[in-house]
Amino acid sequence: MQHTYTAIAKVLHWGMALLIIGLLSLGFVMTGLPLSPEKLQYYAWHKWAGVSLFLLVWLRLAWRLFNPPPPYSESMSALLRRLAHLGHAMLYGLMIVIPLSGWLLSSAKGVQTVWFGVLPLPDLLQKDKEMGNLLHEVHEALNFALLLLLLGHVAAALKHHWVDRDDILKRMLPQGHARLEDTP
Ligand code: HEM
Ligand code: HEM
């Protein structure tokens, strides 16, 4: 039985965490800028990165299917374990629906997504201004939900590390691994 996340799972976790923090920051900053060539360039970068994240999450889920995460220690209550699973499932769900809502909103606003300026993605909806504005609000609301969930996620990780003093954070760190006595 493996007692730590695989190197690939760690690279995907931390790489995608950085990408998401970049996407959130760029998203909130770019929408507040006045119309300019720079603003349009930032929108394009945002969309390329968002589509890349959408591809990476499927890769990550496929890897997880064949390399399940290490089990939790019996010392963690059943309720907390269930909450952790639910939180992670919601994070994965948001990593799928947020890019999809972005792709839909771009389609409805009539701005096709051309991945890295090379691969044109099909528009998922016909141009419709009202729908575009509505989907923008959906995209924004989902991003606030992600922000809240991330705050809880980070707080939980730090509580495990500093208050419970267990190995939950360590097993996701580059050199980290769990103590064998902490696992069932
Ligand atoms: C996990 C991936 C993504 C995250 C975290 C993310 C995050 C954000 C955030 C925080 C905003 C600002 C919302 C606001 O306050 O108005 C935004 C706006 C936007 N996002 Fe994303 N996004 C992601 C993926 C995508 C994708 C894949 C696309 C398109 C292919 C996209 C297209 C857009 C567009 C066009 C806007 C601006 C909407 C407007 O000004 O009308 N996003 N995004
Ligand atoms: C910013 C974007 C982040 C996202 C989207 C994210 C998402 C996730 C997901 C989906 C998992 C579950 C992995 C699995 O079992 O397949 C996970 C695990 C984990 N994350 Fe994050 N994470 C992020 C940032 C962070 C940060 C900043 C920390 C550290 C403070 C952190 C600490 C952890 C730890 C310790 C685990 C392992 C938890 C366990 O074994 O139950 N994450 N993360």
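Which of the 20 residues around ligand 2 come nearest? In this predicted model, local features require a pLDDT of at least 70 and side-chain atom pairs count only at pLDDT 80 or more, whereas totals for chains, interfaces and linings use all residues. Residues are numbered from 1 along each chain as its sequence is written, chains are lettered from A and ligands numbered from 1 in the order in which they are written, and side-chain values use heavy atoms, with hydrogens and water left out.

The residues that come nearest to ligand 2 are His-13, Arg-64, Tyr-72, Tyr-92 and His-153, where a residue is near a molecule if one of its heavy atoms lies within 4 Å of it. Two of these residues, His-13 and His-153, coordinate the iron atom of ligand 2 through NE2 at 2.0 Å. Donors are N, O and S atoms within 2.8 Å of the metal (3.2 Å for Na, K and Ca); water is not among the atoms, so sites may look incomplete. The two histidines link distant parts of the chain, as His-13 belongs to helix H1 and His-153 to helix H4, 140 residues apart. Helices are DSSP runs (H or I, at least four residues) numbered from the N terminus. The site has 6 donor atoms with angles of 89 to 180° and is octahedral (six donors, opposite ones over 155 degrees apart and all others between 65 and 115).

His-13 is buried, at 14% relative accessible area, while His-153 is partly exposed, at 27%. Buried means under 20%, exposed over 50% and partly exposed in between (1.4 Å probe, protein chains only). Polar contacts to ligand 2 (pairs of N or O atoms within 3.5 Å) include one at 2.5 Å between a polar side-chain atom of Arg-64 and an oxygen atom of the ligand. For Tyr-92, a polar side-chain atom is likewise 2.5 Å from an oxygen atom of ligand 2.

The iron atom of ligand 1 has His-46 (NE2) and His-139 (NE2) as its protein donors, at 2.0 to 2.1 Å. His-46 lies in helix H2 (residues 37-66) and His-139 in helix H4 (residues 129-164), 93 residues apart. His-46 is buried, with a relative accessible area of 14%, and His-139 is buried with a value of 14%.

Helix H1 comprises residues 7-31. The buried residues of H1, including His-13, Met-16 and Ile-20, pack against H2, helix H3 (78-108) and H4, with contact taken as heavy atoms within 4.5 Å.

Note on methods. The expected span of a helix is 1.5 Å times one less than its number of residues. Four donors count as tetrahedral if all angles lie between 85 and 135 degrees; four count as square planar and six as octahedral if opposite donors are over 155 degrees apart and all others between 65 and 115; anything else is irregular. A polar contact is a pair of N or O atoms within 3.5 Å; within protein, one must be able to donate a hydrogen and the other to accept it, and residues adjacent in sequence count only if both atoms are side-chain atoms.
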